[in-house]
Amino acid sequence: MNVKRFAAKKLFLATTFIGFANFYFAPAYAKVATESVEIPDLAQEEQHAKAATRISELFTRAHYKKVSIDDALSEKVFHKYLDALDNSKHFFLAKDIEQFSKYREKFDEAIKVGNLEIAYDMYSLNLERRRARLEFALSLLEQEFDFEKAGDKFFYDREDAQWAQTSQELDEVWRQRVKYDALNLVLADKTVEEAKTLLNKRYKRAIRRLSQTNSEDVFQTVMNAFARSIEAHTSYLSPRNTERFQMDMNLSLEGIGAVLRSEDDHTVVVSVVAGGPADKNGEIKPQDKILGVAQEDEETYVDVVGWRLDEVVELIKGPKGSSVKLQVQKGGSDSKKVIDVAITRDKVKLEDKAAKSEVYEQEDGKKIGVIEIPSFYHRLHADVIKLLNEFNEQDVQGVIVDLRGNGGGSLPEAVALSGLFIDKGPIVQIRRENGHIEVNRDRDGLVTYDGPLTVLVDRFSASASEIFAAAMQDFNRAIIIGEQTFGKGTVQQHRSLGRIYDFYENKLGAVQYTMAKFYRISGGSTQHKGVKPDILYPSAIEPEEWGESKEENALPWDKIKRANYVTVTNSHNMIDVLTAKHNARVVKDPEFQYIYDDIEEYKKNKDKKFISLVASERKAESKKNDEKRLIRVNERLERMGLSKVESLEDELPEKLEEIDPFLTEAVNITSDMIKTGSYALNTRS
């Protein structure tokens, strides 16, 4: 399944729309009685012309990538825009796309002069198609579902599918989709009638939301199609999103402290902010899905399945001290379980997501200190200095810096953190759009910690995480362990489109565009390639299937001249020794055997683009997975010397949640490193 999609949506005039209606054949079904919903007559607003011309001028003048707004770019924008409107090919017909083809080479001129009528035309037709399809979905709810129809499937990944030639073809796609929605609810212990009632409300609400589309929605979608056609991390922010961005940069908002994303019509919890309300509540975990939201004085939940992420966020946010109730479908092994969670909102500071430490004592008495860094926030290095000083007081003999899941943050903090482990020297090179190269250095001549050091990374470690890991690797200062990192080696700048004494005030929004690239001190970019660990952990995802290299229009990898620095020692022999010991250990480790088994299972199914719509098959598969999980749980309990359980529904000890084979093995590798006595110390430039 594709792991990334950055899109918005919206578009334009009703005059050309009449022409489109001539080649659209309505689906053959009795129209369901729904409340009258008027599709808005969308047209470009005055400020959008000014914003479009300012964006195109800024990108051609200041973007790192040399931008030519021509027919070649126009074709890219056209396809990106279609992708934003109907990525899964659920709404448009092949005839629609054929009609749109006359716009392929017109987006460049439209953007340059600020006349985006063609985008509004396409968007308006998309709204009509969406309404027709949702009405068809409602009609299907009046029929009986046969959840034991042999061979019935839902093809959930349609990104590479062909556009439907006829309405009848699209009817079949939607039959599968509606049945899939219904079956999921039935498998979550809803009756068929309850499922139909819930879906009826969901689809009708989606139709009503079409009427709330505004001109800004269209403009944001087409401008993001333009921005993403230039480069993967370039984007346009509407005035509303600009305001939200500024709130995030101020590191303060009032809410529950959870990072959310939209995934297959669901709002999914990515992570909870350490120390925030959700973290303190303890009931919400990553992978959980938010199905409904209610305010403290409301008894009925608002079903938010299918809602836009920003709309869900608006419902969840609220003033400090107020309460919000969430209906949550648990993730992972508890995915059938739906719970109600009440959380008291509070001021959430992203700085609360601070570095934390733990000390592991080995059987031979050696102590290994682990510093987990979730992001490169303001004054991170000061927090790490305190933790390192505490390690020193506890006679810690080796340190692991855990950067798993760390998507980056402050560049100065990446440089400052690196400086804690070397006395001085270059940390990262930055090349600007004009070709100028600057080297960011640690200059203080001080080393806070000069002992054995390992850095633990995964495929989610990006940007500032990669700068730190690359610097430690290039200096031979640390052994890097884990998965190959994300590979984001670009620098973005946020700029408002407004100007002093501007007639448009705050109505134009802002852009975020790439204006520089990071390079390792050894000369290679972290772009695409990221940091390849010295000791690789097993991973289901191959590097070429993940990260920056999978982003459309991402800048390429390249290299520049090596910075002037000197490493302490050649660590290759030590890495060979540590790798051999690591391999000998994991082949006997049952936790790693689970990982290898899961990787095999993933590889077997990764190209599968459908899921069964046969209830008994889905239940059998779920039962098989539960049995597999139960076996593993009991094997773990047995290894801990604890009693086995009869069911996954039984109360399980918290110790099970603390099992982290990758961190455990990093501790073992660091312990081996101490024993070799040949780790790098006191590097000098």
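Buried means under 20% relative accessible area, exposed means over 50%, and partly exposed lies in between (1.4 Å probe, protein chains only). This is a predicted model, where local features need pLDDT of at least 70 and side-chain atom pairs count only at pLDDT 80 or more, while totals for chains, interfaces and linings use all residues. Residues are numbered from 1 along each chain as its sequence is written, and side-chain values use heavy atoms, with hydrogens and water left out.

Start at the surface. Glu 658 is exposed because its relative accessibility is 58%. The residue lies in the loop between α18 (615–639) and α19 (661–676). Helices (H or I, at least four residues) and strands (E, at least two) are DSSP runs, numbered from the N terminus.

Now turn to the strands. An open, mixed sheet holds 6 strands in the order β11-β12-β13-β16-β17-β20. β11 (356–361) and β20 (535–536) are at the edges with a single partner strand each, so one side of each has no neighbour in the sheet. Two strands pair if DSSP finds at least two bridges between them. β12 (residues 367–372) runs parallel to β13 (residues 398–402), with 5 bridges. Ile 368 has Gly 398 in β13 as its bridge partner. In β13, 5 of 5 residues are buried. Gly 398, Ile 400 and Asp 402 point one way, Val 399 and Val 401 the other.

β9 pairs with β8 (residues 323–329) in the antiparallel sense over 7 bridges. Leu 326 stands opposite Val 341.

Next come the charges. The whole structure has 32 salt bridges, each a side-chain nitrogen of Lys or Arg within 4 Å of a carboxyl oxygen of Asp or Glu. Lys 80 and Glu 552 form one at 3.3 Å, N to O. Lys 80 sits in helix α3 (residues 71–86) and Glu 552 in the loop between β20 and α16 (572–586), 472 residues apart. Lys 80 counts as buried, at 16% relative accessibility. Glu 552 is partly exposed, at 42%.

A local pair is Lys 604 with Glu 601, at 3.6 Å. They are separated by about one helical turn because they lie 3 residues apart in helix α17.
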